[in-house]
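Here is a walk through a two-chain structure, one region at a time. Keep the sequence and the 3D view side by side.

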Amino acid sequence: MPTPAEPEPVNPTLTGRIRKTFSSTERSFTLDVEFDAAPGFTILFGSSGSGKTTILDCIAGLVAPDAGRIAVGKRVLFDSGLHVNTAVAKRAVGYVLQDLALFPHLTVEQNTEYGLAHLPRSVRWERAAAMLHEFRIADLRQRRPGEISGGERQRVALARALVTEPCVLLLDEPLAALDSPTKSKILDDLRRWNEAHGIPILYVTHAREELLALGERVLVMEEGCIVAQGTPHEVLGAPLQETVAQLAGFENIFDATVESVHQDRGTMTCRIMTCRITTGLPVGDAGSFVLLETPLIRAEVGSHLRVGIRAGDILLAIEKPVGLSARNVLAGRLVSLESRFMTILARVECGVEMEVHFTLAARDSLALAEGREVWLIIKTHSCHLMRR
Amino acid sequence: MVINWQAFRLTIELAVVVSVILFVLGLPLAYWIAFSRRRWKFLVEALVALPIVLPPTVLGFYVLVALGSRSPLGRWWQSLTGHTLAFTFTGLVIGSIIYSLPFAVQPFAASFSSIDGKLLAASATLGASPFRTFSKVILPLSVPGLVTGAALVFAHTMGEFGVVLMIGGNIPGVTRTVSIDIYDQVQASNYAAANATALLLLVFCFLVLTVVYGLNRAPNRKTWAIGPVK
């Protein structure tokens with residue numbers, strides 16, 4: 001009896017090692033990364049210009065790396081050593097570009113069938129119909145991209161890429177322009193599709209909530225390098241690098257020194273320094289400084305850290321609050337108020353200057369104005385520590 | 001009215017033949033100009049644009065020399081057919097093709113290169129060959145440019161004078177086009193006949209261009225958005 005050939009793993013992993021330098025007269029940019037993406041979602045997270053899209057372009061074959069190797073399982077797409085550079089059209093990589101690039105002159109159905117030209121008409125029709133149904137756009141099949149909504153276009157772009165049964169899916173900020181409910185519905189459909197197919201999906205974003213909604217694994221990009229990787233909670237919950245912290249949306253970042261450690265309570269007290277202290281000039285009230293209670297991390301008394309606090313995590317009161325669980329209550333004065341997108345961005349001087357966000361309604365009901373004495377309330381676990 | 005209908009028929013025939021040939025020749029040339037990354041591309045672009053700036057007499061003179069029995073091309077043609085290309089309808093077609101080349105190639109190339117590169121990238125990632133991308137994406141999205149190019153070639157050939165005079169001479173029914181007929185009438189002081197023919201040519205060319213630009217208005221350009229709603 002013939003022994004069956006050893007089956008190739010059904011869901012191969014995408015592996016990549018890419019080096020690529022772009023030079024212009026003003027600046028040069030080098031992308032230098034090594035990564036792998038198992039079946040499921042892998043998120044490329046980073047600010048714009050960090051090289052996320054270039055990675056996708058290299059995998060799709062639209063940009064040739066200077067050196068490196070890109071493979072899906074045993075199938076080599078690019079290898080500078082072996083002089084392999086598979087043509088874009090032969091890579092079987094699904095790529096949804098940032099602005100979708102739907103064919104404007106073709107209907108939804110024709111767009112979806114575009115990648116199936118090699119199949120007989122009946123098979124083509126059947127597969128496109130199934131995919132349109134799966135992504136809930138079957139009733140739009142005769143419309144053109146210009147006649148449907150942004151969310152629907154997004155679905156068409158996904159259907160068009162997935163109907164070709166690619167071995168890898170690349171998504172470049174696919175949901176950036178959509179509202180949250182639309183976003184999460186599309187993500188659900190995509191996740192359900194991939195439960196059945198199980199291909200690696202590389203998902204580029206700079207939106208925190210997408211990271212938390214999707215994240216199985218995150219690669220954090222900065223200046224052409226992968227600076228951190230792990231689960232979303234590992235990457236965001238205990239940021240080790242200030243760049244990550246800025247990405248994660250900490251409006252307030254201060255230099256701090258560990259004043260005391262309370263092993264028994266799982267907290268530490270940190271002394272916050274302002275920029276003025278670090279430049280050697282005295283703070284307004286001589287001798288005053290800010291102490292914050294923070295979560296305990298592995299750090300010794302006197303060691304130097306940074307503390308990040310999101311402006312939206314700070315509560316503001318007009319009288320000194322009592323009976324609160326929050327451990328940090330700071331007296332301060334409103335320095336400025338600025339209204340932006342229905343949110344008030346306020347700056348409060350409380351030994352250090354902190355940015356605080358609250359609603360228009362809060363401003364009006366508390367009659368907040370510049371110069372007003374206020375209290376800031378910050379929970380221990382809203383103080384995120386990182387190394388410096 | 002003393003309109004020379006024979007000259008009219010000949011001119012329209014010439015314009016149609018030249019338009020069809022330039023449409024076919026212009027597509028690959030324009031594709032190459034729009035997408036090639038060769039360093040010497042600019043040389044080809046300059047060469048294609050040359051007929052726009054050259055006096056028709058200069059162009060006509062060199063074409064005449066090239067077609068004549070002293071040039072290799074002229075000799076080859078003569079050995080094949082027994083007569084020279086100069087002063088024939090075929091010679092006229094060749095001269096007109098060169099003369100009108102930029103009017104086809106430039107609008108074609110401009111509309112090809114104005115297509116969003118993302119669409120071409122998307123087509124390639126969906127497994128399409130360059131030819132499939134050309135026929136399914138580039139051509140359909142370039143229709144206005146193609147129509148403009150063809151119309152310009154047609155109208156330009158309808159009205160050409162210098163090149164025709166140099167290459168074709170003035171043989172009734174063979175090379176005497178409308179513009180030459182008008183010239184002849186004026187030389188013979190038949191102003192009424194010249195006016196009638198000239199007016200007819202003017203109205204005809206205006207109508208052709210009106211129809212073309214009317215069709216080219218692209219009624220729903222706005223709905224041709226390709227990306228997310230911003």
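**A helix and a sheet in chain A**

Helix H4 (residues 150–162) of chain A lies across E7 and strand E8 (168–172) of chain A. H4(A) runs at about 170 degrees to E7(A). Such angles run from 0 to 180 degrees between N-to-C directions, with axes fitted to C-alpha atoms, for helices over the stretch in contact. Helices (H or I, at least four residues) and strands (E, at least two) are DSSP runs, numbered from the N terminus.

This is a predicted model: local features need pLDDT of at least 70, side-chain atom pairs count only at pLDDT 80 or more, and totals for chains, interfaces and linings use all residues. Residues are numbered from 1 along each chain as its sequence is written, and chains are lettered from A and ligands numbered from 1 in the order in which they are written.

In chain A, 6 strands form an open sheet with mixed pairing, in the order E7-E8-E9-E3-E10-E11. Strands E7 (93–96) and E11 (225–230) of chain A each have a single partner strand, so one side of each lacks a neighbour in the sheet. Two strands pair if DSSP finds at least two bridges between them. Within the sheet, E3 (residues 40–45) and E9 (residues 200–205) of chain A pair in the parallel sense over 6 bridges. A:Pro200 in E9(A) is the bridge partner of A:Gly40.

Now turn to chain B. Chain B has 11 helices and 0 strands. Its C-alpha trace spans about 65 × 45 × 30 Å along its principal axes.

The contact between the chains takes 28 residues from chain A and 23 residues from chain B. Two residues are in contact if their C-beta atoms, placed from the backbone, lie within 7 Å. On the side of chain B that touches chain A, H6(B) gives the largest share, 6 residues.
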